[in-house]
Amino acid sequence: MGDVVFSVQERCALTHIGALVLACFAAGASAQIRLAANLAELSLEELANLEVTSVSRRAERLADAPAALYVITGEDIRRSGVTSLPEALRLAPNLEVARVDARQYAISARGFNNSIGNKLLVLIDGRTIYTPLFSGVFWDAQDTLLEDIERIEVISGPGATLWGANAVNGVINVITRRAQDTQGTIAELGAGNRERGISARHGLELAGGALRLYGKAFDRKNTVRANGTGVRDEWQNAQAGFRGDWGSAASGFTLQGDLYRGSIQQPVGDDTTISGGNLLGRVTRQLDGANRLQAQVYIDNAQREIPGSFSEHLNTLDAEAQHSFQAASVHYVTWGGGHRRAYDRVNNSAGLAFLPDRTTLHWTNIFAQDEIALGSQWRLTVGSKLASNVYTGTEALPSARLAWKPDEKQLVWSAISRAVRAPSRLDRDLFVPAQPPFVLAGGPDFRSEVAKVFELGYRAQPSTRLSYSVTGFYSQYDHLRSVERVGAASVLGNKMEGHGKGIEAWGSLQVARNWRLKAGALLLDQDLRLKPDSTDTAVAAAGNDPKHQFTLSSSHDLAAHQHFDVMARYVGALPNPAVPAYTAVDARYAWQLRRELEISVTAQNLFDHAHPEFGAAATRSEIERGIFVRAKWSR
């Protein structure tokens, strides 16, 4: 992968992190005699036994999952002090998370990061949060009550065989707790120099099941440029929702939904407004033995009004079902399918247009996967998905995974997969300006981007105090999006190719019963190039990624009812547009004053007044130091 060379600035940043490590060790050595319950109750062995579902679409132990999978627990989120879902994703060492301004984020895995990233599949409780405009996520429209998140499963690497197109470089699966686990009342009030917010949730028993209701609202202040000039990007949002569960997790019924509305300032003109809602129903049935059936349906409405640019009204209906069963003694089969239909209506402006302005899109898939036990230590998983879309027809998405488990504490696995990023409306239907002659147009023959990925991983827990995971990957890419000259216009094409390779690693160390350290590293080497017949001039539009990033966090129970958490991250420089490397240190101190009341103080960018994370120097925002004080009352 080549030698990694650090600049003077980067070496200083790493020294900064090193100093933090020494400080954490010193603090822990003086406090080991003080024991608290939170960390002691959640041992590394219990984390290894945590059930996950994103790798195989069925419950399995994290220690047995043959993939580069990192789990952010609800306790991790609470102790971090973050206030939004994108900020919570910074806790995953296998993700690239860059904040663009007050409300925009660039989030990706294994490269291709930009504010309209399109190679990462994101789900919230089984609902795909996806816009067909650019095959990505509007992060300003995705939220939930963080207190109710049970875990976030983050897979780096392809998941197309089970999850479909766009699961090219990763899958993020946000899973909230069942309503039975959120009984009682919680209210939170927080304020700081960068944002303020309020939230409440109430859970109750209802007709043989349980129901929770929640609401939240926040106001995030505008950012500034490097020269101190204010940016008109203040963001306000309000959201409410519910979840009801009847029966058990194995055999039961879930009904949940959300409504939201927000506004974002624009540099000029009226504010951008976003609004929408969703409703999901899911039925699970545990039949005889390992025979299990699940079906779900959801509807989703999303509206975005950007005065002077365009507006979109998107209505989506999605239905899917899957069946898992034991075939003979060595085969465990999971199969299923689904259909999604979206009605997309865009109000265009003179500056840009999506044509036709009204269209109906549909996606259909069927998949099957067989997990084959090859003796007591080996397991082979093979499967494929056939997925169709309105632009390119049917795509085959096969994969094979081989896992070797020499003992209960170790797992060696390898995988080979094919994944695609299906065309979006931006690729086919975009025109700038709205009337000819066009300066930029979608490509009428734009095809799917293709990735072939090879992975080798090792996960181990050599003792009750230490666990770690290491993954190496090599990805071949073809038919990536390029901008080709056709006469006087530019047309989107598929004349870029290349490869990416790297290493992902993370681990946890239980230093003492009341003190835990976590560390992570990502090394990435990406080589993209234009094909000989391309008229494009650069590959920078494909993404802007650091060659290396490192994280270190410390969770410390100082004394009974007092908790201190620190997280440091170092992110290498971005090449084009150039963004300097930076180190950020966040810290949270919480004190349980009474059984019902907790007060916490969270500091972000503790030792750095401000730094940029993404974008061109002339227009990008600086991410400033933030202090946030929160009071949480529960009963």
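Mentor: Start with β26 and β27, which form a hairpin with two residues between them. Helices (H or I, at least four residues) and strands (E, at least two) are DSSP runs, numbered from the N terminus. Note that this is a predicted model, where local features need pLDDT of at least 70, side-chain atom pairs count only at pLDDT 80 or more, and totals for chains, interfaces and linings use all residues. Residues are numbered from 1 along each chain as its sequence is written, and side-chain values use heavy atoms, with hydrogens and water left out.

Trainee: How many bridges join β26 to β27?

Mentor: 12 bridges, and the two strands run antiparallel. Strands count as paired if DSSP finds at least two bridges between them. As an example, Ala 451 has Tyr 477 in β27 as its bridge partner.

Trainee: And in which sense do β23 and β26 pair?

Mentor: Antiparallel, over 12 bridges, with β23 covering residues 410-421 and β26 residues 449-463. There, Leu 411 is bridged to Arg 459 of β26.

Trainee: Switching to charges. How many salt bridges does the structure hold?

Mentor: It holds 49. The criterion is a side-chain nitrogen of Lys or Arg within 4 Å of a carboxyl oxygen of Asp or Glu.

Trainee: Which residue does Arg 110 form a salt bridge with?

Mentor: Glu 504, with the closest N and O atoms 3.1 Å apart. The pair links distant parts of the chain, 394 residues apart: Arg 110 is in the loop between β5 and β6, and Glu 504 is in strand β28.

Trainee: Are those two buried or exposed?

Mentor: Arg 110 and Glu 504 are both buried. Buried means under 20% relative accessible area, exposed over 50%, partly exposed in between (1.4 Å probe, protein chains only).

Trainee: What about Lys 632, which residue is its salt-bridge partner?

Mentor: Glu 147, again with the closest N and O atoms 3.1 Å apart. Lys 632 sits in strand β36 and Glu 147 in the loop between β7 and β8, so the pair ties together parts that are 485 residues apart in sequence. Lys 632 is buried, at a relative accessible area of 13%.

Trainee: Which residues are linked in a network of salt bridges?

Mentor: Glu 87, Arg 90, Arg 569, Asp 586 and Glu 613.
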